[in-house]
Amino acid sequence: MQFRIKCRLGYAVTGQASFLFNVAAQQNTLQKSVQEDFQLIGGTSLPELLIGRQRFHRAFSKGDRLELDYTAVVDLNPRLPSRDSLEVQPLHELTAEALVFLYPSRFCQADLLGRFAKREFQQTESGFERVTRICNWIYEYVEYLPGLTTASTSAFDTATQRAGVCRDFAHLGIALCRALGIPARFVSCYAYGLNPPDFHAHFEAFLGGQWILFDPTRLSPQSSLVRIGQGRDAADTSFATIFGNAALTEMEVAIETEVVEGNPRAPEFVTVPISTCPDIFRK
């Protein structure tokens, strides 16, 4: 299955500023870009930086305007593992990669939610069923409400306020998993069918020796999620990290349109007003 992606970001620059962008789709065994173009106007671009599988583009601007245009066609082949093998591994069997995702982090205070998590979700069911129950609880008891939370809202805040956006849903799911001894990590992505279109967030839990995707928002089919980055929480996956005097003035994200062989449909664009942009991946 193929999806067409387009992202455009515009910044007003005063003096000079350095940028680190994390908007390019990852290349891995489950997704591959068959067409891709990255354009930068109004600044100097440096070679792509690869950290793990996460792709970063660095830029420097001395002008008054910087624009980024990223387009790609991504071939997506989601994996559907057997749920019977998705158990929680004991601490001594976890890989070094997974261990770091057991610790509390800036936005995922698993230590503050430990008593609640153990009371609500510490049962005898399989690991997959337990994480699914966490996602169901979040979907049922946390209202998806844009504009209420900020870039500093944490999982503990979301559990208390019972409202948030995809970033907050993912943070809460991660914190509850970690409180139960299940490694979990934050994932930024493009997602088909979001309205309004925007960057999206979900999380992965480490079960049966592999990372399994979960999305408690239920806003998009999981088979359409195109990975951008992953980390301990949203602070590790910001779509733009800026040093200097620059302000976001324009953001356009394409609706991820499936490319039909022989008859590709043009992506539909919706401009998201800056005043309503959710603080999904901003530091």
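What volume does the largest pocket have? In this predicted model, where local features need pLDDT of at least 70, side-chain atom pairs count only at pLDDT 80 or more and totals for chains, interfaces and linings use all residues, the largest pocket has a volume of about 1100 Å³. Residues are numbered from 1 along each chain as its sequence is written, and side-chain values use heavy atoms, with hydrogens and water left out.

**Figure 1. The protein as a whole, with its helices and strands.** The secondary structure of the protein comes to five helices and 15 strands; here helices (H or I, at least four residues) and strands (E, at least two) are DSSP runs, numbered from the N terminus. Of the 283 residues of the protein, 51% count as buried, where buried means under 20% relative accessible area, exposed means over 50% and partly exposed lies in between, with a 1.4 Å probe and protein chains only. Among the contacts in the protein with a separation of 6 or more, 73% come from residues 24 or more positions apart, and contact here means heavy atoms within 4.5 Å.

**Figure 2. The largest pocket and the residues that line it.** The volume of this pocket is about 1100 Å³, and of the 41 residues that line the pocket, the closest to its centre are Arg79, Glu204, Trp211, Ile212 and Leu213. On a 1 Å grid over the protein atoms alone, a pocket is an open set of points where a 1.4 Å probe fits, with protein on both sides within 12 Å along at least five of seven lines, and lining residues have an atom within 4 Å of a point. Grid points are joined across faces, edges and corners, and a volume is the space filled by probe spheres set on the points. At least two lining residues each are supplied by helix 3 (127-141), strand 9 (184-190), strand 10 (200-207), strand 11 (210-214) and strand 12 (226-231). Sorted by class, the lining has 17 nonpolar, 15 polar and nine charged residues; Ala, Val, Leu, Ile, Met, Phe, Trp, Tyr, Cys and Pro count as nonpolar, Asp, Glu, Lys and Arg as charged, and the others, Gly among them, as polar.

**Figure 3. The crossing of helix 2 and helix 3.** Two packed helices are described by the angle between their axes and the distance between the axes. The axes of helix 2 (residues 114-121) and helix 3 come within 11 Å and cross at roughly 110°, which means that helix 2 is roughly perpendicular to helix 3. Axes are lines fitted to C-alpha atoms, for helices over the stretch in contact, and angles run from 0 to 180 degrees between N-to-C directions; those under 35 degrees count as roughly parallel, over 145 as roughly antiparallel, 65 to 115 as roughly perpendicular and the rest as oblique. Helix 2 makes the contact through Phe116, Glu120 and Phe121, and helix 3 through Arg130, Arg133, Ile134 and Trp137. By class, this contact has four nonpolar, no polar and three charged residues.

Figure 4. Arg185 has its place in strand 9 and, at 10% relative accessibility, counts as buried. Leaving out residues up to four places away in sequence, Arg185 touches several residues, including Glu97, Phe101, His202, Glu204, Trp211 and Arg227. Glu97 lies in helix 1 (residues 96-99) and counts as partly exposed, at 44% relative accessibility. With the residues up to four places away again not counted, Glu97 touches Arg185 and Trp211.

**Figure 5. Ala205 in strand 10.** Ala205 lies in strand 10 and is buried, with a relative accessible area of 0%. Although Ala205 and Ile182 are 23 residues apart along the chain, their C-alpha atoms are separated by 6.7 Å. Beyond its neighbours within four places in sequence, Ala205 is in contact with residues including Val131, Ile182, Trp211 and Phe214.

Figure 6. The peptide bond from Asn195 to Pro196 is cis, with omega near 0°, and Pro196 is found in the loop between strand 9 and strand 10. Arg162 has a positive phi of about 60° although it is not a glycine, lies in the loop between helix 4 (155-161) and strand 8 (163-164), and is partly exposed, with a relative accessible area of 33%. Arg218, which is not a glycine, has a positive phi of about 60°; Arg218 is found in the loop between strand 11 and strand 12 and is partly exposed, with a relative accessible area of 48%.
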